[in-house]
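I opened the notebook on this structure today. The entries follow in the order I made them.

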Amino acid sequence: MNGLNNLQQVELLAPAGTFEDFKEIIKSGADAVYFGGKKYNMRMHRQDYNLTKEEIRIAVSMAHSLKKKVYITFNNMMSDLELDEAKDFLLFLQEVQPDALIIQDVGVFEIMKELRLDIPVHASVMMNAHNNSMVDRLWELGISRVVMSRETNLEKIRSLSKTTSMEFEYFVHGDMCIAHGAQCLYSGLLFGKSSNRGLCMKPCRWPFKLKDKKGVRQIFEHLLATKDMCMYRHIPQLIEAGVTSFKIEGRMRNSKYLTLIINIYKRAIERYINDPTGYYVDESEFAQIIESRTRDLSTSYAFKTPGREYVGMNGSREPKIFSRAIEELKIDNSRIQQIQKMDNSKKSRTTLLTVKVNNFDAFMQAIDNGADEVYLAGEVFRGDKPFTLQQIKEAGNIGKDKKVYLALPRMMDERQLGNYEALLKRKSELGIQGVVITNIGAISKLKSNDITIIGDYSLNCYNSRSAEVYYEEGINRITTSVEARLNVLKEILQRSDLQVEVIVQGAPVIMYLEHCIYAAKHSNYTAQDCCPDLCKGERISLVDEKGFEHPVFADQYCRNHIITSKDICLLPIVNKLMSWGVVAVRVEGQHYDAEVLGKVVAVYRQIIDGTNQKSYKDYMDQIIAITGREQSLGALYFD
């Protein structure tokens, strides 16, 4: 494409789900094709999809003979038990030389270094890259292209592309997710099928009723079901923003449909590159896109934070889903007994009790009832207000015999990173010991402040090689993924020297959204509008078809946090975790009222100290009575 005005070369990147699809798609207008092998990618539901090794070998050869590229999706989280087989697959890929790997798990950096592989590496959208520091650090680690977070707008990419040599890939068409990349954990906790391991059961596509202070709305709506992405009408804006690769989603779609979409986009790209002043949107081609669509279409976050129009509320075009609402798994006595009989992995060691709090009263309750370390939430659930400078200082003084940490927002822009950097320069004055880090960009930005850094569960540490990377990045302790099953957790503890923290009580956020359900409930307001604080003083829940309530909290940044309907409760196996060498057990307590939180912390203090020899059943009854919520073993229920 040799156009006018030295316009950049752009790549049209197409998906292929099977080898038969690939053979058709490689003949289309696509410049590159991406697909996965039979394991380690984000489309693992169907055995007849993805390519065998021999098919990959042939596909790479076919593409290169046509001067086209092939990218292999090696982008799910791996457990330690899968690493040997994963290494064999990577060595095979080194032999056939695809043009890049697309990865999510940072442990791949360590494995590729060990195997001395020289395949280029792209960061999957599941890395959720969203700030300058993250892009810069990924470049330093060897990433040459990043698939930006779906919530990144084109203006952000425009500014980034002027300051880095990184290539930027952007979704232009296809299925989208309501939650931030790799920050939807519900499928893993409900079904034991992690969305971060290519097995998402799509609970976001369920119909829900909405419960607020007036009661339950008596109709089901698809409140989380995003419309499909379509940027066909905005080719010039994508190119001018510095997008290198236009990515079409659709590895589960057939080649006939994909070829139609690919060729429509290809013709539009070429029209603009060859004659930008004479460029036009071909309405007949756009009509074909509309006619062939599954869901209704949206430009997602490309130009603004979308409101109510982002979701297909009535569900009229929502495909049939392959899961239905189910109850979160209850505490299972036989499973508890099975875990308690397992051998110890390491000698017992002193175990810290950590607590994440939403307000100052909750902080005081945590301190007074025995917490060793307290995390002040950076994303505060409303009706509480963010922690003020004075409150942080007071907390640091009151807790000086303990340790007080700032828990960072999960998504951080440059303003937020700068604010926390300035705050940490006053750490001695404020009595702050360190931070709970949520993204690799924040580690890079803040680690020079001589502070203790704890990795939060949002980093999705699922194997010891990831833990090693985070240790090298400057993390002192890592919180394991809440999707980690028992064997996954044990392997991390056995194989890694990094200190490990485990969430044992509370409700971690299992869907983290830029989308505001509160605003969509009332209108089309977004955080960019003059929204009249629709979430203030109101708390809502999504009620599924089985009648289970999923509480939704808004924070000060207008992001929404959906939590489990039951609390995770590992109380019956805390002693076993301690014997395996877990350094810290956490109460994830933002959703608890202060007094309730204090009582919960006191129970765990007794268990850790062994000061009250109640039966586990008595302790469980006590926790249920205190919280008023049912309890679950979470992912540790699954073998």
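Helix pair. I looked up H21, residues 594-609, and H22, residues 616-627. Their axes come within 9 Å and cross at roughly 165°. Angles over 145 degrees count as roughly antiparallel, so H21 and H22 are roughly antiparallel to each other. I noted the hand of the H21 and H22 crossing as left-handed.

Which residues of H21 and H22 meet? On the H21 side I listed Val 596, Lys 599, Val 600, Val 603, Tyr 604, Gln 606 and Ile 607. On the H22 side they meet Tyr 619, Gln 622, Ile 623, Ile 626 and Thr 627.

Confidence. I am working with a predicted model. The mean pLDDT of the protein is 94. I found that 98% of its residues reach 70 or more. Over residues 1-6, the pLDDT is below 50. That stretch, residues 1-6, still has 15 contacts in the model beyond near neighbours in sequence.

Cysteines. How many disulfides does a search of the whole structure find? I got zero. I then checked Cys 531, which is in no disulfide. The nearest cysteine sulfur belongs to Cys 558 and is 6.2 Å away. A disulfide needs the two sulfur atoms within 2.5 Å.

Accessibility. Is Cys 569 buried or exposed? I have Cys 569 as buried, at 0% relative accessibility. Cys 531 is partly exposed, with a relative accessible area of 25%.

Key. Residues are numbered from 1 along each chain as its sequence is written. This is a predicted model: local features need pLDDT of at least 70, side-chain atom pairs count only at pLDDT 80 or more; totals for chains, interfaces and linings use all residues. Side-chain values use heavy atoms; hydrogens and water are left out. pLDDT is the predictor's confidence in each residue, from 0 to 100. Contact means heavy atoms within 4.5 Å. Buried means under 20% relative accessible area, exposed over 50%, partly exposed in between (1.4 Å probe, protein chains only). Axes are lines fitted to C-alpha atoms, for helices over the stretch in contact, and angles run from 0 to 180 degrees between N-to-C directions. Helices (H or I, at least four residues) and strands (E, at least two) are DSSP runs, numbered from the N terminus. Angles under 35 degrees count as roughly parallel, over 145 as roughly antiparallel, 65 to 115 as roughly perpendicular and the rest as oblique. A crossing is left-handed if the near helix is turned anticlockwise from the far one by less than a right angle, and right-handed if clockwise.
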